[in-house]
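This report describes the fold and packing of a single model. Please keep the sequence and the structure in view while reading.

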Amino acid sequence: MSKPIREKLISALASGGFVSGQSIADELSVSRAAISNQVKALNEMGLDIFKVRGKGYQLANPLVLLDRTAIHKGLNSLRADNSVEVHTLIDSTNDYLMRKLPNQVTQGQVCIAEYQSAGRGRRGRQWISPFGSHLYLSYYHKLNEGFSAAMGLSLVTALAISDAIYALYGIEVQLKWPNDVYLDGVKLAGILIDLEGQATGDCHSVIGIGVNLQMPEQAGEQITQPWTELQRHVGERIDRNELVVAIIIALNQRLKQQSEQGIKSMLADWHKHDLYLDQPVKIITGENEEFGICRGVNEQGALLLENKGHVKTLFGGEVSLRGVNASTR
């Protein structure tokens with residue numbers, strides 16, 4: 001019952017007016033204590049809700065929720081037919097689509113959410129997902145050529161995020177192999193690719209994207225690496241529905257380009273935005289570190305690392321790339 005109570009409270013509070021806890025308790029046939037407990041839970045999710053005696057609960061700032069109708073309208077205007085689901089509360093958008101494989105998803109299907117209770121980053125790390133503050137989006141993409149077709153998928157996705165942000169705000173981001181988007185040298189967005197299927201047959205991929213838009217102070221304190229938020233760099237208030245449409249459109253286009261022309265056709269775009277191109281870097285694999293000069297990526301999406309005149313190709317997986325003075329955390 002807790003999820004329906006939370007969703008009802010969120011819907012009622014979004015406009016910024018006062019909401020009577022007793023009225024919602026009566027409507028849902030629950031106790032006032034149940035309402036109070038769920039308000040506390042929403043505060044822990046990143047919503048700033050306060051109470052005034054005699055008036056009820058109110059958000060410190062009005063909340064503009066994700067709108068499935070507005071997103072579909074934006075996609076239709078650009079002749080895109082992606083199916084989009086919008087969830088208020090979910091464990092993980094990636095996990096949700098993975099559970100629907102293989103017969104309950106369509107090519108280009110998208111799941112987005114206001115809040116993830118179990119958002120994931122690479123290597124099982126938690127992705128901090130405060131309510132209504134950022135963008136949590138997953139996109140289903142079928143690969144007919146097996147796992148080999150997934151090589152470089154995170155690079156294609158990073159380029160799509162770059163395309164969308166530049167199209168809307170005129171902001172040039174940096175890309176860090178294999179799955180991060182940076183702005184002014186610190187992390188703005190992350191990508192997580194989940195795969196399921198056969199090595200040489202049909203393969204299913206779910207492309208997960210998390211973009212920091214406006215970080216609540218409490219959530220920011222939980223992040224252990226330098227980060228930034230897009231709102232800090234954009235003059236007007238970010239319309240998340242507009243940004244969702246832009247990212248989906250850009251991802252549609254980049255995936256089509258990959259299918260028809262390969263990653264080779266995108267190398268110039270990647271190298272233009274490569275955070276570490278021609279710079280000293282270190283490669284971290286478990287407890288091991290390897291140093292060299294980053295020479296960009298190749299047409300398979302592998303990193304090119306030069307050391308003593310020899311160029312080595314490295315693929316993703318458990319490999320991490322850092323600047324030579326960066327923390328290994």
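In which sense do strand β4 (residues 110-116) and strand β5 (residues 135-143) pair, and over how many bridges? The two strands pair in the antiparallel sense, over four bridges.

## Basis of the model

The model is predicted: local features need pLDDT of at least 70 and side-chain atom pairs count only at pLDDT 80 or more, while totals for chains, interfaces and linings use all residues. Residues are numbered from 1 along each chain as its sequence is written, and side-chain values use heavy atoms, with hydrogens and water left out.

## The seven-stranded sheet

Helices (H or I, at least four residues) and strands (E, at least two) are DSSP runs numbered from the N terminus, and two strands pair if DSSP finds at least two bridges between them. Seven strands make up an open sheet of mixed pairing, in the order β3-β4-β5-β9-β8-β7-β6. Its edges are β3 (84-90) and β6 (174-176); each has a single partner strand, so one side of each is left without a neighbour in the sheet. From one strand to the next, the twist averages 20 degrees.

Angles run from 0 to 180 degrees between N-to-C directions, with axes as lines fitted to C-alpha atoms, for helices over the stretch in contact; contact means heavy atoms within 4.5 Å. Helix α4 (residues 68-77) lies across β3 and β4 and runs at about 150 degrees to β3. Helix α8 (residues 240-261) lies across β3, β4, β5 and β9 (203-211), at about 20 degrees to β5.

## Arg-240 in helix α8

Arg-240 belongs to helix α8. This residue counts as buried at 9% relative accessibility, where buried means under 20% relative accessible area, exposed over 50% and partly exposed in between (1.4 Å probe, protein chains only). Not counting residues up to four places away in sequence, Arg-240 touches Val-64, Leu-65, Leu-66, Glu-114, Gly-132, His-134 and Leu-213. Arg-240 and His-134 are 106 residues apart in sequence, yet 8.2 Å apart in space, C-alpha to C-alpha.

## Strand β14

Strand β14 (residues 319-323) has five of its five residues buried. Val-319, Leu-321 and Gly-323 lie on one side, Ser-320 and Arg-322 on the other. In a regular strand the side chains alternate between the two faces of the sheet. Strand β10 (residues 280-285) runs antiparallel to β14 and is joined to it by five bridges; Ile-283 stands opposite Leu-321.

## Nonpolar cores

A nonpolar core is a set of buried Ala, Val, Leu, Ile, Met, Phe, Trp, Tyr and Cys residues joined through side-chain atoms within 4.5 Å. The largest holds 62 residues, of which Trp-177 and Leu-230 touch the most other members. Apart from it lies another core of 21 residues, including Ile-5 and Met-45.

## Aromatic pair and cysteines

Ring centres of Phe, Tyr and Trp (its six-membered ring) within 6.5 Å make a pair, with planes under 30 degrees apart counted as stacked, over 60 as edge-to-face and the rest as tilted. The structure has one aromatic pair. The rings of Phe-18 and Phe-50 have centres 6.4 Å apart and planes at 90 degrees, so the pair is edge-to-face.

There are zero disulfides (pairs of cysteine sulfur atoms within 2.5 Å). The sulfur of Cys-111 is 19 Å from the closest cysteine sulfur, in Cys-203, which is too far for a bond. Cys-111 is buried, at 0% relative accessible area.
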